[in-house]
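Please read it with the sequence and the model side by side.

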Amino acid sequence: MNEELSALHKTGTWDLVPLPPGKHAVGCRWVYKIKIKSDGSLERYKAPLVTKGFTQEYGLDYEETFAPVAKMTSVRTLLAVASVHQWSLSQMDVKNAFLNGDLFEEVYMVPPPGVLHNPGEVCRLRKALYGLKQAPRAWFEKFSAVIGSLGFQSSAHDPALFVRSTSVGRILLLLYVDDMILTGDDLDGISQLKLALHDRFEMKDLGPLRYFLGIEVASSPKDTRVADTPLELNVRYSPSDGTPLDDPTLYRTIVGSLVYLTITRPDIAYAVHIVSQFVSSPTTLRWAAASDPFDRKSTTDYCIFLGDSLISWKSKKQSVVSRSSAEAEYRAMASTAAEIVWLRWLLQDIGVSLSMPTLMYCDNKSAIQIAHNSVFHERTKHIELDCHFVRHHFQQGTISLPFVSSTMQLADFFTKSHTLARFRFLLSKLSMLNTVTS
């Protein structure tokens with residue numbers, strides 16, 4: 001707590017002033033945390049001072065709040081590009097990041113326990129504090145201004161990715177709130193960047209990238225394959241099956257954890273997609289289910305590779321009922337094409353040039369024909385927007401549409417449960433590895 005108060009005073013976070021008439025002061029509290037290293041050992045104790053931002057009023061003491069954070073697909077793409085180029089990856093974080101954000105709104109806070117003040121005085125906040133609705137935005141604007149002054153430009157396709165290209169080389173910085181990944185081929189520039197950031201913020205250099213947002217990052221030539229199918233084959237239940245759980249909290253907590261786990265575990269994506277549909281009213285039999293025969297909605301599923309690296313995947317129920325398998329497939333093609341277009345733009349920002357169309361393998365010949373031709377008016381007029389989008393990028397050469405048999409369609413992995421042999425075969429094609437470091 002003393003360290004936190006010292007940092008607050010050092011950055012000039014507030015001034016003690018009488019509360020003006022007609023104004024209200026938000027509350028605050030100390031939050032005690034224990035930071036754990038990736039190996040489970042104690043790193044340090046923390047006691048951040050957090051405001052009770054839920055008492056803020058829009059238009060009075062806050063307005064815009066949105067602040068971008070790096071997309072997980074961007075993180076995986078950056079790791080894949082760095083791996084191919086054999087670039088080193090390093091990690092830094094910013095201590096008390098939000099205290100660097102400048103507040104432009106008039107915000108008052110009740111003095112925290114432990115701060116001496118006169119009766120009737122409150123804290124007029126000059127810097128952002130954790131808990132304030134606008135704190136993430138204020139910090140991101142501050143960091144963007146600083147990194148921009150150092151010659152970096154924000155990617156138009158992921159604003160949390162900052163790039164600097166010179167005749168010496170390229171530096172990439174990916175920001176997730178106060179955690180950042182640095183990589184590139186300009187090693188001297190990266191060293192100078194770290195020093196420059198140390199001058200502007202209180203930084204902590206965490207060395208080579210090992211642990212990011214709860215995800216372990218490791219590199220090793222010694223690999224083994226991962227576990228088998230997590231879902232029984234062809235199991236189906238009606239909405240009335242099973243007994244409602246007395247307390248669904250544990251179910252929802254576990255599903256939430258599994259959703260986060262799918263960031264690095266595409267092998268459980270379909271199973272998590274299934275159990276996530278029942279968080280509102282889970283029963284004792286909701287852990288195992290396959291495609292939903294009751295609402296007749298199909299599943300959009302795809303997997304996208306950069307070279308041999310799987311960088312993006314999806315398994316999600318479609319929002320509308322399709323009138324044919326071709327329509328369902330075509331809607332999935334539109335979602336896949338949108339992801340491909342975005343990834344191509346992102347890779348261009350990173351410095352990876354793609355001169356050839358991206359191969360988008362489809363196992364439905366009717367859907368491919370719809371993309372090739374504009375003569376299926378009666379069959380496609382109700383999905384015309386998707387048709388135009390996919391056909392446009394096919395004609396522009398952004399994508400090509402080779403046919404692949406259903407037995408070799410890797411995206412089938414995310415559509416349904418499989419036999420053990422089929423699951424292992426598809427898993428082997430996804431380059432899923434259990435990396436063993438030494």
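A crossing of two helices is left-handed if the near helix is turned anticlockwise from the far one by less than a right angle, and right-handed if clockwise. Helices (H or I, at least four residues) and strands (E, at least two) are DSSP runs, numbered from the N terminus. The model is predicted, and local features need pLDDT of at least 70, side-chain atom pairs count only at pLDDT 80 or more, and totals for chains, interfaces and linings use all residues. Residues are numbered from 1 along each chain as its sequence is written, and side-chain values use heavy atoms, with hydrogens and water left out.

**Helix pairs**

Two packed helices are described by the angle between their axes and the distance between the axes. Axes are lines fitted to C-alpha atoms, for helices over the stretch in contact, and angles run from 0 to 180 degrees between N-to-C directions.

| Helix pair | Angle between axes | Distance between axes |
|---|---|---|
| α2 and α7 | about 50° | 11 Å |
| α3 and α4 | about 135° | 11 Å |

The angle makes α2 oblique to α7, and α3 is likewise oblique to α4. On this scale, angles under 35 degrees count as roughly parallel, over 145 as roughly antiparallel, 65 to 115 as roughly perpendicular and the rest as oblique. α2 crosses α7 in the right-handed sense, and the crossing of α3 and α4 is also right-handed.

Contact means heavy atoms within 4.5 Å. On the α2 side, T73, S74, T77 and V81 meet E339, W342, L343, L346, L347 and I350 of α7. Between the other two helices, F143, V146, I147 and S149 of α3 make the contact with L193, L197 and R200 of α4.

Two strands pair if DSSP finds at least two bridges between them. Strand β7 (residues 90–94) is joined to β14 by five bridges, and M92 has D205 in β14 as its bridge partner.

**The four-stranded sheet**

A second open sheet has the order β1-β9-β8-β2 and mixed pairing. β1 and β2 (25–26) stand at its edges with a single partner strand each, so one side of each has no neighbour in the sheet. Buried means under 20% relative accessible area, exposed over 50%, and partly exposed in between (1.4 Å probe, protein chains only). In strand β9 (residues 121–125), five of five residues are buried.

Five bridges link β9 to the antiparallel strand β1 (residues 14–18). Within this pair, W14 stands opposite L125, and D15 has R124 as its bridge partner. Strand β8 (residues 108–109) also runs antiparallel to β9, through two bridges, with M109 partnered by C123.

**Nonpolar cores**

In soluble globular proteins, nonpolar side chains tend to be buried together. A nonpolar core here is a set of buried Ala, Val, Leu, Ile, Met, Phe, Trp, Tyr and Cys residues joined through side-chain atoms within 4.5 Å. The largest core has 47 residues, of which I181, Y330 and M333 touch the most other members. Elements that give two or more residues to this core include α2, β11, β12, β18 (299–306) and α7 (325–350). α7 gives the most, with 10 residues. Apart from this core lies another, of 42 residues, including L99, L132, I171 and L182.

Which residues does M333 contact, leaving aside its neighbours within four places in sequence? They are M360, C362, A367, A371, V390 and L401.

**Two residues with positive phi**

Most residues other than glycine have a negative phi. Q86, in the loop between α2 and β7, has a positive phi of about 55° and is exposed at 72% relative accessible area. N96, in the loop between β7 and β8, has a phi near 50° and is partly exposed, at 22% relative accessibility.
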